[in-house]
Amino acid sequence: MPLAVMSENRLADLQAFERTILSQQTKIEAWFRSKWKDHAPPFYGSVDIRNAGYKMASIDMNLFPGGFNNLNPQFVQLAAHAAQDAVERACPQAKSVLIVPENHTRNTFYLQNVHALSTILRTAGFEVRLGSLNPEITAPTEFTTALGDAITLEPLQRTRGRVHLADGFSPCLILLNNDLSAGVPDILKDLSQTVLPPLHGGWTTRRKTAHFAAYDTIAAEFAALIGIDEWQINPYFEQISGLNFQEREGEDALADAVNRMLQKIQAKYNEKGITDTPFVIVKADAGTYGMGVMSVKSADEVRGLNRKNRNKMAKVKEGLEVSEVIVQEGIYTYETLHGAVSEPVVYMIDRFVVGGFFRVHEGRAADENLNATGMSFVQLNHIIPVAETDAEAYNDDCGRRVFEQWQELGVPQTNAADPDCGCNRLYVYGVMARLSLLAAALELE
């Protein structure tokens with residue numbers, strides 16, 4: 001049974017792609033193992049995936065994932081095993097971890113994420129405490145999360161080359177759950193402790209175009225490995241810099257890039273016999289939380305933006321001005337849940353897939369950004385099947401099989417002849433996500 005509803009012709013394309021992946025699972029896993037020997041994976045990450053049936057690809061890779069609260073609690077033990085590997089890889093003798101979260105303490109769902117991440121690490125056998133960069137946190141302060149759990153944030157301090165808490169808690173591993181959009185604070189610079197992800201992984205220096213340049217290399221090699229067209233798993237992209245949306249500077253260069261991208265996509269659609277209308281996503285080259293993003297189908301749409309849209313594109317998180325954007329091939333999402341468009345988000349710790357969820361948005365279309373106000377999240381093993389009459393049996397059985405799927409770190413549970421089985425769909429999502437994770441490893445190097 002499919003994880004989400006799809007039209008018959010889209011589903012046929014998707015099943016053909018999945019059969020290719022599933023039939024070569026042994027080769028794929030051997031390839032990943034060889035790559036991880038040469039490239040250290042990021043500590044963790046999450047990947048947004050779009051599935052058009054004829055194309056499935058990562059469209060964004062977050063090195064500081066903030067949605068652990070959206071994962072199924074059944075996966076905590078699996079995530080803990082992965083976290084053990086990740087911590088031991090960074091600090092073989094580590095007994096504790098100091099997490100540095102974001103400053104926005106009023107977002108109780110983000111605080112729930114911090115609680116969930118802490119639970120994973122504690123389940124892995126580590127003492128976990130939270131060191132805050134927020135200047136308003138001057139003493140240990142308890143906060144209540146969205147689900148009523150309590151977490152305590154403590155002011156981060158520094159003595160010589162080590163950060164610590166007031167009572168001297170100063171482990172060898174500092175785990176950032178803060179994407180450094182506001183810049184790298186002096187307190188974190190030049191530490192003798194291991195900081196993961198590394199400081200240069202923050203949005204102060206990181207660029208999405210650098211990630212997708214690395215992804216180009218990975219996608220080309222993987223496509224050659226399994227004998228597919230690289231385009232099936234890799235969106236076109238281009239970087240445009242020198243922009244000032246408020247002053248309309250760089251507007252023509254951006255419009256030209258959009259036009260080039262649309263023509264390139266249309267040529268590929270013509271080659272593949274695809275009748276969809278091409279679109280592109282223009283988004284800030286640095287930043288997250290779905291800010292600074294617009295979907296366009298013609299170059300004219302980026303010329304003469306109204307004040308509201310200029311303001312939307314001009315600044316992102318922490319009020320940072322946008323001067324560089326990535327113009328990325330838009331990928332339709334033809335998966336729906338309860339009639340609403342959706343896209344899978346896959347979470348990883350170290351080199352292992354540890355769970356995920358569907359991002360669902362009732363107010364958005366298949367060609368729009370779903371990471372926006374009004375979105376909701378559905379855990380991957382709580383999916384209603386196409387045959388509603390079978391829902392109860394499907395949920396019980398699929399929930400069990402999906403958990404086994406993740407437990408075995410991405411090994412398909414059924415015969416490749418049945419690619420539309422939920423567990424196998426999750427395996428394919430996991431392959432796509434790990435390609436992006438591997439690209440992030442190259443990017444950070």
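**Ground rules**

I am working with a predicted model, where local features need pLDDT of at least 70, side-chain atom pairs count only at pLDDT 80 or more, and totals for chains, interfaces and linings use all residues. Residues are numbered from 1 along each chain as its sequence is written, and side-chain values use heavy atoms, with hydrogens and water left out.

**Entry: the core**

I began with the largest nonpolar core, which has 61 residues. For my own record, such a core is a set of buried Ala, Val, Leu, Ile, Met, Phe, Trp, Tyr and Cys residues joined through side-chain atoms within 4.5 Å. Buried means under 20% relative accessible area, exposed means over 50%, and partly exposed is in between (1.4 Å probe, protein chains only). Ile21, Phe222, Ile233, Met432 and Leu435 have the most contacts inside this core. Helix H9 gives the most to it, with 14 residues. Helices (H or I, at least four residues) and strands (E, at least two) are DSSP runs, numbered from the N terminus. I also looked up the domains behind the core: at least three residues come from each of domain 1 (1–63 + 206–235 + 331–382 + 398–444) and domain 2 (75–201). Those bounds come from an automatic or database domain assignment. A handy reminder: in soluble globular proteins, nonpolar side chains tend to be buried together.

**Entry: salt bridges**

How many salt bridges does the rule give? The count comes to 26, taking a side-chain nitrogen of Lys or Arg within 4 Å of a carboxyl oxygen of Asp or Glu. Side chains of opposite charge can pair when their charged atoms come close.

I picked glutamate 18 and arginine 425, whose closest N and O atoms are 2.2 Å apart. Glutamate 18 sits in helix H1 (residues 8–23) and arginine 425 in helix H9 (residues 422–444), so this pair ties together parts that are 407 residues apart in sequence. Are the two partners buried or exposed? Both glutamate 18 and arginine 425 are buried.

Next I checked arginine 303 with aspartate 256, a salt bridge at 3.8 Å, N to O. Arginine 303 lies in the loop between strand S13 (293–296) and helix H7 (307–314), while aspartate 256 lies in helix H6 (residues 251–272), so the parts tied together are 47 residues apart in sequence. Arginine 303 is partly exposed at 34% relative accessible area, and aspartate 256 is partly exposed at 38%.

Arginine 351 pairs with aspartate 350, with 2.7 Å between the closest N and O atoms. Here arginine 351 counts as partly exposed at 25% relative accessibility, whereas aspartate 350 counts as buried at 1%. I also noted a network in which salt bridges that share partners join Asp48, Arg50, Glu343 and Arg359.

**Entry: cavities**

I found two cavities of 30 Å³ or more. On a 1 Å grid over the protein atoms alone, a cavity is a set of points where a 1.4 Å probe fits but cannot get out, and lining residues have an atom within 4 Å of a point. Grid points are joined across faces, edges and corners, and a volume is the space filled by probe spheres set on the points. The largest cavity holds about 70 Å³.

Which residues line the largest cavity? Leu243, Asn244, Phe245, Arg248, Glu249, Glu251, Leu254, Val302, Leu305 and Arg310 do. I sorted this lining into five nonpolar, one polar and four charged residues (Ala, Val, Leu, Ile, Met, Phe, Trp, Tyr, Cys and Pro count as nonpolar, Asp, Glu, Lys and Arg as charged, and the others, Gly among them, as polar).

**Entry: backbone details**

Arginine 248, one of the lining residues, has phi near 65°, a positive value in a residue other than glycine. Arginine 248 is in the loop between strand S11 (237–240) and H6, and counts as partly exposed at 37% relative accessibility.

Histidine 338 has a positive phi too, near 55°. I placed histidine 338 in the loop between strand S15 (335–337) and strand S16 (340–349), exposed at 64% relative accessible area.

Last, I looked at the peptide bond from leucine 196 to proline 197, which is cis with omega near -15°. Proline 197 is in the loop between strand S10 (194–196) and helix H5 (208–226).

Conventions
On a 1 Å grid over the protein atoms alone, a cavity is a set of points where a 1.4 Å probe fits but cannot get out, and a pocket is an open set with protein on both sides within 12 Å along at least five of seven lines; lining residues have an atom within 4 Å of a point.
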